[in-house]
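These entries record what I looked up in the structure, chain by chain and contact by contact.

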Amino acid sequence: MYQQKDFVLSVEGLTVSFDGFKAVNDVSFYIEEQEIRVIIGPNGAGKTTILDLICGKTKSTEGSIKFKGKELTKLKEHEIVHAGVGRKFQNPSIYEDLTVFENLELSYPRGKKVFGALTFNRDQEVIDKVNEIAEMIFLEELLLSKASLLSHGQKQWLEIGMLLIQDPELLMLDEPVAGMSVSERKQTAALLQKITKDRSVLVIEHDMHFVEEIADRVTVMHQGKVLSEGSMEHVQSDPKVIEVYLGH
Amino acid sequence: MLQSKFKSLTPRNDVLSFIVLAIVLMVLLPILFDIFRLNLIGKYLTFAFVAIGLVLSWGLGGILSLGQGVFFGIGGYAMAMFLKLEASTPENTAIQSTPGIPDFMDWNQLTALPWFWEPFHSFTFTVVAIIVVPAIFAYIIGAAMFKRRVGGVYFAIITQAIAAIMTILIIGQQGYTGGVNGITDLRTLLGWDIRTDSAKYVLYFVNAFLLLAVLVVAQYIRKSKLGRLLVAMRDSEDRVRFSGYDVSNFKIFIFCIAGIFSSIGGAMFTLQVGFMSPSLIGIVPSIEMVIFAAVGGNLSIIGAVYGALLVNWAKTILSESYPEIWLFAMGALFIAVVMAFPKGLAGLYETYIQPKVDKQLDKWFKKEKAE
Amino acid sequence: MFADYTWAELGSIFAMQGFSGLILFSVLLLMALGLAIIFGQMGVINMAHGEFMILGAYITYLTSNFFSTFLPELFGIYFFIAIIFAFIGTFLLGAFVEWSLIRHLYKRPLDTLLATWGLSLILQQLYRTIFGTREVGVSLPDWMMGSYSLTDAIEIPINGMIVMGITLFITVGVYLFLQKSRKGKQSRAVVQNRAMAGAVGINTASVDRFTFALGCGIAGIAGATFTMIGSTGPTSGQLYIVDTFLVVVFGGAASLLGTVASAFSIGQAQSILEFFLSGSMAKVLTLLVVIVILMLRPQGLFSLKVRR
């Protein structure tokens, strides 16, 4: 029981089945404070499903997810967010019809209830915070443009910015550099370096150079199970991993 | 500078179109038309309440209800029940076998007032019911559906079925509801005869005033963070959910608001037209209310008012002189609005007229500054 | 409410009402089958579905008039020819509507709903202009009328049996078509993964048009069949639309078996309630129960748990 204190997130025996098919099968792993963990694995390994389970998008069949000692499997999605878990989706999901400013503002942690939202006041504090985040995600010049006008990479940043403004203790990113140009990738890596201080991060990524650059520890998944776990070198030399990646 | 740009809750164009509408409703129409026509316009405007609600829930929130007639009916029937009780004094109904109850009950061999009619002796209760009952009803439907993530076409179909059920129920239970004829022969409101021309004038202005008030509330909601959240939900519901919002609560809220607006419209309909019947509740009127909003432009609350006025006016003109053309026109209107003018009148205005107005306004404001 | 009847009486009541429930079930199922394809398989809301049925009924009416005037000796079998005409007519109209309207709106379900409602108004007025506002009925050949006595208390109308027969035939036909035929497999493939189906060489646009037209054609058959048990007016179609959609949604939109089960339970419930309550209250109660169940279980009776 007591050891959980060191872990921000402990996932134990997590299983979900869709009509008998176990997309995630008895998965356990632990994330420490300020750790950057990357999950890799072939397509269909269950990586995105793991994130779905943690943030409550999908309900687990069995197992537990404890975040700072709090059981997440019983909570609703917005309660999990309030507990301090933020999640970025694989495809940039932002509000195309709103401006960049409004996109960021909606994630500001105030006025999250119906009447709070009705009476929400855009005060200096909100404006300052939005400006601060916008600068961090390289969009300070574009605050008043509609989000639909942004490039693919800028949309990814905007979504990361929307998470940052919530200031989550656990940040989950699903393929944050997918579809980005080389220069955007570099900027994103720098951005992640900056924002991963003071929080734990769980990343799904295919780009191995990028993984090598940021990961503290790597979890390899295959067919819904954890295949291997450890440092990048450890994982890369694990025969089971080589089998899966090169065997067929 | 940034702050002032962000803070504008009431953009210049919105204020301008609101003032123009207020002048049209409060000054222009009363001058141009006699009381018979004006009363008719007042009737059209009661549908604008529904259309404004639909702009909020459907245009802004993406929730299309095909059962708004039900809420219109709740308000309309609540008001009609009150007026009917007032008209059914024992003296007025002395020839009935049971004096003191509404005439249609007597025709259906009822000998006592049903329990749910009793509270409608009180005007205060009636007014409260017009606001609260639709809210509760919308809350129940909304909570059941949105908490289970039912939306889109399923929501449309289910609300349509509710409208159908409501009509069958009212028609079937004619002893309690007045049946297919509805509740008719309404006379006075707290002793004030609502059938006279002067009363019709007063009611027209009360109605127009309430409509403008509803517009102000709608504008506030639209420009609040809640309004932006609804737009955001249309774009990416999951992103809103995972930004820490309980999405269903916001949908329930806006559906309740739309229901309350419709109910107010219904009550004003009863007062101005002098009856309420199931023909205003069912599938057909409910979906026609959607077309009012669509013609006006489903994102424009002001457009909804013009949409309701225009379609109803066209309906009166056409069905008076060429009844066979009316359904063709209405059908074509549905198709045209979807295929060719998805933004309705408001869209046409924004593309063709607003740029010119903006230019003119800029000129004026500049002049003022220069002086 | 049961106290006034003996057990024997109750038995025949349930048998009779059960049978009329079976007829209602056939009617509901036949109405819903076309929609189960259009809405269940394609996800398209066609509010003019009722008007397609009415078109089938009017075609039957015309055929019956034609036969009784020009080919009275073949009148005995006109009905089956009328069904074929009804299918062809509604199929063609369906294909035209898909081409001119529906295909532009596949990604906008709510707009489809409004546009097809507009279409239904236009069709209604068209019927009114051509056939007049009065309801029309067809005369049936002698062998289709009368009833068959099972016991003293239980009589079975022959036209009801024919309706059931046609329903059974069409249901099995639709099932076999979707599961076994090449076109049916293609149409399911397009529904499940449009991009992939296109990539392996299926002409998705033509499959869409065919599937939609087929659903309309089945509506036409339904309309033709209904002329046996009721008359047809320009606005009759509107009466069907809520029932039809509820049957499909209640069954779990994508499941044909669900549609059958849902039509059966709604038909039985309504017809048994009808004996004890007034017709309108029976209907209100049935629809209300359906809606409450749908609110508690929005996916309908039959559905798969799938990854979303």
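I take two strands as paired if DSSP finds at least two bridges between them. I note also that this is a predicted model.

**Entry 1: the antiparallel sheet of chain A**

I began with strand E1 (residues 7–18) and strand E2 (residues 21–32) of chain A, which pair in the antiparallel sense over eight bridges. I looked up the partner of A:Phe7 and found A:Glu32 in E2(A). E1(A) and E2(A) form a hairpin with two residues between them. In that turn I noted A:Asp19, which has a positive phi of about 55°.

I then followed E1(A) to strand E4 (residues 62–67) of chain A; five bridges join the two, and they run antiparallel. Here A:Ser10 stands opposite A:Lys66 in E4(A). A:Lys66 in turn stands opposite A:Glu71 in E5(A). E4(A) and E5(A) run antiparallel and are joined by two bridges.

In what order do the four strands of the open sheet stand? I recorded E2-E1-E4-E5 (chain A), with antiparallel pairing. E2 and strand E5 (70–71) of chain A are at the edges, each with a single partner strand, so one side of each has no neighbour in the sheet.

**Entry 2: strand E8 of chain A**

Is strand E8 (residues 200–204) of chain A buried or exposed? I found five of its five residues buried, so E8(A) is largely enclosed by the rest of the structure. The cut-off I used for "buried" is 20 or more other C-beta atoms within 10 Å of the residue's own.

I next sorted the residues of E8(A) by face. A:Ser200, A:Leu202 and A:Ile204 lie on one side, A:Val201 and A:Val203 lie on the other, and both faces are covered. I set beside this the general rule that side chains in a regular strand alternate between the two faces of the sheet.

I looked up two pairings of E8(A). Strand E3 (residues 36–40) of chain A pairs with E8(A) in the parallel sense over four bridges, and A:Ile36 has A:Val201 as its bridge partner. Strand E7 (residues 170–174) of chain A also pairs with E8(A) in the parallel sense, over five bridges; there A:Leu170 stands opposite A:Ser200. With helix H7 (residues 182–195) of chain A, the strands E7(A) and E8(A) make a right-handed β-α-β unit.

**Entry 3: where chain B meets chain A**

I counted 24 residues of chain B in contact with 27 residues of chain A. Helix H1 (2–7), helix H10 (225–235), helix H11 (237–241) and helix H12 (247–273) of chain B each give two or more residues to the side of chain B that touches chain A. The largest share of that side comes from H10(B), with seven residues. By class, I recorded ten nonpolar, six polar and eight charged residues on the side of chain B that touches chain A.

**Entry 4: where chain C meets chain B**

This contact takes 32 residues from chain C and 35 residues from chain B. On the side of chain C that touches chain B, helix H4 (109–131), helix H9 (236–251) and helix H11 (279–296) of chain C each supply at least two residues. Which of the elements gives the most to that side? I found H4(C), with 14 residues. The residues of the side of chain C that touches chain B divide into 23 nonpolar, seven polar and two charged.

**Entry 5: recorded spans and one helix**

I consulted the unreviewed UniProt entry for chain B, where the spans listed as "transmembrane region" include residues 120–141 and 249–269. In the model, residues 120–141 of chain B are 86% helix and 0% strand, with end C-alpha atoms 24 Å apart. For residues 249–269 of chain B I noted 100% helix and 0% strand, with end C-alpha atoms 30 Å apart.

Residues 52–71 of chain C are 95% helix and 0% strand, and residues 109–127 of chain C are 100% helix and 0% strand. The end C-alpha atoms are 27 Å apart in residues 52–71 of chain C and 27 Å apart in residues 109–127 of chain C.

Last, I checked helix H14 (residues 301–321) of chain B. H14(B) has 21 residues and reaches 31 Å from its first C-alpha to its last, close to the 30 Å expected at 1.5 Å a residue. Its buried residues include B:Ile301, B:Tyr306, B:Leu309 and B:Asn312.

Definitions and conventions: Residues are numbered from 1 along each chain as its sequence is written. Chains are lettered from A and ligands numbered from 1 in the order in which they are written. This is a predicted model: local features need pLDDT of at least 70, side-chain atom pairs count only at pLDDT 80 or more; totals for chains, interfaces and linings use all residues. Two residues are in contact if their C-beta atoms, placed from the backbone, lie within 7 Å. Ala, Val, Leu, Ile, Met, Phe, Trp, Tyr, Cys and Pro count as nonpolar, Asp, Glu, Lys and Arg as charged, and the others, Gly among them, as polar. A residue is buried if 20 or more other C-beta atoms lie within 10 Å of its own, exposed if 12 or fewer, and partly exposed in between; C-beta atoms are placed from the backbone. A crossover is right-handed if, with the strands pointing away from the viewer, the path from the first strand over the helix to the second runs clockwise. The expected span of a helix is 1.5 Å times one less than its number of residues. UniProt positions are given in the numbering used here, feature names are shortened, and annotations may be inferred rather than shown by experiment.
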